[in-house]
Amino acid sequence: MSKSDSMNKHFPTWQAPDGSPLSCVEKIKVLNDNFVELREIMQEAMEDALLMGCDEEQFRLVMRSVVEELHNPYGKPDGQD
């Protein structure tokens with residue numbers, strides 16, 4: 001089993017906002033497919049960055065900041081509680 005195969009076997013338990021696990025098989029399949037695709041792209045980007053001499057910790061910080069910058073278009077506007 002390749003490293004990417006073993007990484008893709010560990011899916012989170014997807015939850016609804018109230019903390020209950022999602023039960024719709026099709027929704028879980030879409031979320032898992034997206035998860036696999038994102039992981040593969042991020043792994044490839046990291047490998048490229050390292051091969052080109054980028055600092056690993058900086059790369060990780062930049063990837064974390066990308067996640068932090070994502071906004072929920074279906075919820076409350078950013079900054080409102």
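User: Before we start, what does partly exposed mean here?
Analyst: Partly exposed sits between buried, under 20% relative accessible area, and exposed, over 50%. Glutamate 57 has 42%, so that residue counts as partly exposed. Keep in mind that this is a predicted model.

User: What does glutamate 57 pair with?
Analyst: Arginine 64, in a salt bridge at 3.6 Å, N to O. Arginine 64 is partly exposed too, at 46%.

User: How many salt bridges in the whole structure?
Analyst: Three. Another of them links arginine 60 to glutamate 56, with the closest N and O atoms 2.9 Å apart. Both residues lie in helix H3, four residues apart, about one turn. Lysine 29 and aspartate 33 also meet in a salt bridge, at 3.0 Å. That pair is in helix H2, again with a spacing of four residues.

User: Switching topic. How much space is in the largest pocket?
Analyst: About 230 Å³. Ten residues line the pocket, and the closest to its centre are Met42, Met46, Phe59, Arg60 and Met63.

User: Which helix gives the largest share of that lining?
Analyst: H3, with five residues. Helix H2 (25-51) supplies at least two.

Note on methods
Residues numbered from 1 in each chain as written. Predicted model: local features only at pLDDT ≥ 70, side-chain atom pairs only at ≥ 80, totals over all residues. Heavy atoms only, no water. 1 Å grid on protein atoms, 1.4 Å probe; cavity = no way out; pocket = protein on both sides within 12 Å on 5 of 7 lines; lining within 4 Å. Points joined across faces, edges and corners; volume = space filled by probe spheres on them. Salt bridge = Lys/Arg side-chain N within 4 Å of Asp/Glu carboxyl O. Buried < 20%, exposed > 50% of the residue type's maximum accessible area, 1.4 Å probe, protein only.
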